[in-house]
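Me: Please take a close look at one part of this model for me. Start with a single residue, then link it to what else deserves attention.

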Amino acid sequence: MARSQPEGGGPVGGYKGQPKAGRGAAVGWILSRVREFPSKLYLALVDEMGAKPLLMAAVLLVAAAAAISVEDAAPENIQPLSTLNLAAAKVGMDSASAIYVSPDVLGKDGEDSAWVTVNFTTPSPSSDHWIGLFSPADFSSGIGSTNVAGEQDALPGLPMAPIKYKFGNCEPDFLRTGSGNTSFLVINQRYNYAFGLFSGGKDNPKLLAVSNNISFANPKAPVFPRLSQGKEWNEMAVTWTSGYNIGEAYPFVEWRIKGEETSKRTPAGTLTFTQGHLCGNPARGQGYRDPGFIHTAFLKDLWPNREYSYQIGHELQDGTVAWGKSSTFRASPFPGQASLQRVVVFGDMGLGARDGSSELDGFQPGAQVTIDRLIKDLPNYDAVFHIGDLSYANGFLAQWDQFTAQVEPIASKVPYMVASGNHERTYMDTGGFYNGNDSHGECGVPAETYFYVPAPAHRGKFWYAADYGMFRFCVADTEHDWRPGSEQHAFLDACFAGADRKHQPWLVFLAHRPLGYSSNDFYEQEGSFSEPMGRTLQPLWQKHRVDLAIYGHVHNYERTCPVYENTCTVKGKDAQGAYTGALGGTIHVVPGTGGAKLRSYAGGAWPQWSVARNQSFGYVKLTASDHSTMRFEFIHSDDGAVHDAFNITRDYRDVMACAVDSCPPHTLAN
């Protein structure tokens, strides 16, 4: 039986509104209609065009492109810095306007961040006046230039974007008096700084005054250490940023078992990237900023569960040492070891603005509250997985330093493991699975350099396995092909198979885009309730009896029943708070609630597999202390309360029990 035609369909040989003028006209008609009903259009045309492979291919490509573009085109995914018309910037220095910042030397006692006070005045105040923080401090000398650091496709106007900014009327009396003062939080980003006072708003910025320069006492100091597990369970990678190239100083970590006198030094490798590594604007143009040098040292042969102290440093050519912060961490448990193990998972955070600056302007309204909650709750978890859409820098690279500073109170003490999201990786014609512009020219380079992950090949292929005691995590890269026959599919098969389930009973799949189940609004429009073709991994999840699949990308919270091929394998709403025995399917969870602006769900009745929803900022916490019981919680960022939870209680024989399609078809067990 032929499928029903989409709304507006017509007789065989031509749809309503489609000219009968050959393949070119048909593809044009598809382009004009696909945004209205991409999935319905595809389904309706399958029967009509079964013998027309070229046109069918066009439908597939265009429908996929439409589905991809929906998420990034949403207003909440527009980086506010990109709304500044930097190309129109002009110099109009006004002797009656002034701006001054104090103090002028920061970090005298080794601090990597500091509060500064900015005083400003202008004779004709308006709501269009704004104050921007720039680095390096000589930003004004290039206004109106045609190139940025030799970049041929850069735009004229302001040669660099501000790191952050505020409108003058953030000071209540500014519009009446023309004067005001405000505070900014400044972090050590390797160069000096200056503030500029502008008129003309975002559309026609005119520079009226430039402040005095400020800088950190040691702009090159090592800052923002961040931990991650190495390729072995008993290895910890320590990554940090500095202004020291390897020719100036030797980077290292000094570390010891906490409480012991004897310490050792482990050297670090050094990486960086340039404009030439990036793929397009704004990352290659006005959003570019020298990333400094990123160092990683590997602390090996750690004792399970022992607490270690460490300090990052650089040995200078004269033998002196530039030290960074000291911190502590607890080594991972042995794979399969039964002890208290607690892991936090979320996606889609972005940056908070603790100083009230406007460069985020509601872009990620929950980021600060989530960070504050995680800092407060730090004694109660052991590792973090941030599964994509990390900083939302979107080509404004200074935001990556800001993000590493934001997560440092957490990432310096527990492993902060990351996954690649569309806002890190996706860019046209760069070998990814999607062909959008969600990274705005970054094409994965900053994320893959600022953060270490134990990828089996290299960080350009951002998939990896991580063992944490009784948990095995298989982390996918949804921005590269995951389908059967791909390199990543083979990795996932091996990663799942590598878990010895009698000792590692809790098998978790992590990825950015939902490859399973999510009833959010843009998937409803796309018609699949997941990424197109995403559920091609269902046979793997079922074969290996994967317990949980957790995703980001969608900015709300949703949990399914244990499900396989759209069917709950545990029936009844009342049964979804506690699971005993074999699950028979995989529980899919979307906590894309780390901080980015929240989204709505599909309208109408809930799909039968959707059992819990919550449109609030928060994160998932997994807790296990033995091989038989795991606790799952969704915790709100604002109050720390648990708003969804369930337990899984089972024995090893339940893990191994055959369910539909989980055992080879030729076995008697099946």
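Reply: Cys-443 is buried, with a relative accessible area of 8%. Buried means under 20% relative accessible area, exposed means over 50%, and partly exposed lies in between (1.4 Å probe, protein chains only). This is a predicted model, where local features need pLDDT of at least 70, side-chain atom pairs count only at pLDDT 80 or more, and totals for chains, interfaces and linings use all residues. Residues are numbered from 1 along each chain as its sequence is written, and side-chain values use heavy atoms, leaving out hydrogens and water.

Back to Cys-443. Its phi is near 45 degrees, a positive value in a residue other than glycine. Cys-443 sits in the loop between α7 (422-425) and α8 (445-450). Helices (H or I, at least four residues) and strands (E, at least two) are DSSP runs, numbered from the N terminus.

Tyr-392 also has a positive phi, about 55 degrees, although it is not a glycine. Tyr-392 is buried, with a relative accessible area of 1%. Look for Tyr-392 in the loop between β20 (383-387) and α6 (398-411).

Now check the loops with a cis peptide bond. Ser-102 to Pro-103 is cis, with omega near -5 degrees. Pro-103 lies in the loop between β2 (98-102) and β3 (105-106). Asn-281 and Pro-282 are also joined by a cis bond, with omega about 5 degrees. Pro-282 is in the loop between β15 (269-271) and β16 (293-299).

Next, a charged residue. Arg-226 is in strand β11 (residues 223-229). Arg-226 is buried yet has no salt bridge. A salt bridge is a side-chain nitrogen of Lys or Arg within 4 Å of a carboxyl oxygen of Asp or Glu. The nearest side chain of opposite charge, Asp-401, is 6.6 Å away. Here Lys and Arg count as positive, Asp and Glu as negative; His and the chain ends are not counted.

What does the Arg-226 side chain reach? It reaches the backbone oxygen of Phe-224 at 2.7 Å. Leaving aside neighbours within four places in sequence, Arg-226 is in contact (heavy atoms within 4.5 Å) with residues including Trp-240, Ile-294, Thr-404 and Tyr-450.

Definitions and conventions: Polar contact = N/O pair within 3.5 Å; in protein donor to acceptor, adjacent residues only side chain to side chain.
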